[in-house]
Protein chains: 2
Amino acid sequence: MIDPLQFFKCLADETRLKSLILIHSEGELCVCELMEALEEIQPKISRHLALLREHRIVLDRRQGQWIYYRLNPELPDWAKSVISETTQSNPAYIKANLKKLCCMGDRPERAKSCC
Amino acid sequence: MIDPLQFFKCLADETRLKSLILIHSEGELCVCELMEALEEIQPKISRHLALLREHRIVLDRRQGQWIYYRLNPELPDWAKSVISETTQSNPAYIKANLKKLCCMGDRPERAKSCC
DNA sequence: ATCAAATATTCGAATAAACATATATATTAA
DNA sequence: TTAATATATATGTTTATTCGAATATTTGAT
């Protein structure tokens, strides 16, 4: 299982930390949603998600053209708990980003629930 | 209070993470004890402790020639909890270091309890 | 089969973090 | 006051991380 040091290194970058918190808040998000919420270019989002995926902190699934990222449910409890508590106790940290996500037009959400 | 990103950056280095976990396990430790437990040179330990102190993750107190570091009791609960859970759930991560601390001769511990 | 959209990956450059060495400060003991 | 011990800090260098730009891959629609 994941080493605590590697785990915290994964959280020690703004793009990755915010992505994780947003993914945890929303359940599942795709790259274009994170681009909008964080106002970052696509390769930057993808690169950081790839790192989280390599460390098995998130899992991905493809649905059509979109790739959805979610927390790995097999993360050790302590690691899940770090993410949960950080999310719950720091709503201000991602408030503006959640807002941008909400206001986003044409979210691929609908596709998510169908099929 | 401390920003989650800054907090995780502080944990994302082996010397700092192990120092924090050891300090949390032992209550209070001085630089020379951490040097022994982590087998690192003094300026390296001091530098990393200084960073933790600047972010108010630890507090220090001088007692004679020694400076003891402890967790800041005013850390937000979520941050305390991150440190506690990480410590409790990863005993193997610092096992060898705790052993070295135990075996250390001439620990300034006695001074700690007197006065 | 071609094109557009979403995402991934590669690569060289820029930035930041960590390091070892040297030196400074503070305390205690002689 | 001098010497020794514990710790802190300053400095130049090395190493690690992050970045944007360019390109590749995959999928769905035409």
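**View 1. The surroundings of B:Ser19 in a predicted model.** Setting aside neighbours within four places in sequence, B:Ser19 touches B:Leu34, B:Leu38 and B:Leu49; here, contact means heavy atoms within 4.5 Å. This is a predicted model, in which local features need pLDDT of at least 70, side-chain atom pairs count only at pLDDT 80 or more, and totals for chains, interfaces and linings use all residues. Side-chain values use heavy atoms, without hydrogens and water, while residues are numbered from 1 along each chain as its sequence is written and chains are lettered from A in the order in which they are written. B:Ser19 belongs to helix α2 of chain B. Is B:Ser19 buried or exposed? Its relative accessible area is 2%, so B:Ser19 is buried (buried is under 20% relative accessible area, exposed over 50%, partly exposed in between, with a 1.4 Å probe and protein chains only).

**View 2. Helix α2 of chain B meeting helix α4 of chain B.** Helix α2 (residues 14–26) and helix α4 (residues 42–54) of chain B pack at about 75 degrees, and their axes are 10 Å apart. That makes α2(B) roughly perpendicular to α4(B). Axes are lines fitted to C-alpha atoms, for helices over the stretch in contact, with angles from 0 to 180 degrees between N-to-C directions. From α2(B), the residues taking part include B:Ser19, B:Leu20 and B:Ile23; from α4(B), they include B:His48, B:Leu49 and B:Leu52.

**View 3. A:Thr86 and its partners in both chains.** A:Thr86 sits in helix α5 (residues 77–89) of chain A. With 2% relative accessibility, A:Thr86 counts as buried. Which residues does A:Thr86 contact, leaving aside neighbours within four places in sequence? They are A:Ile21, B:Pro4, B:Phe8 and B:Trp78. Look also for A:His55: A:Thr86 and A:His55 are 31 residues apart in sequence and 19 Å apart in space, C-alpha to C-alpha.

**View 4. The elements of chain A.** Chain A has seven helices and three strands. Following the sequence, you can trace the pattern α-α-β-α-α-β-β-α-α-α. Helices (H or I, at least four residues) and strands (E, at least two) are DSSP runs, numbered from the N terminus. The C-alpha trace of chain A spans about 40 × 30 × 25 Å along its principal axes. Of the 115 residues of chain A, 48% count as buried.

Methods
Parallel < 35°, antiparallel > 145°, perpendicular 65-115°, else oblique.
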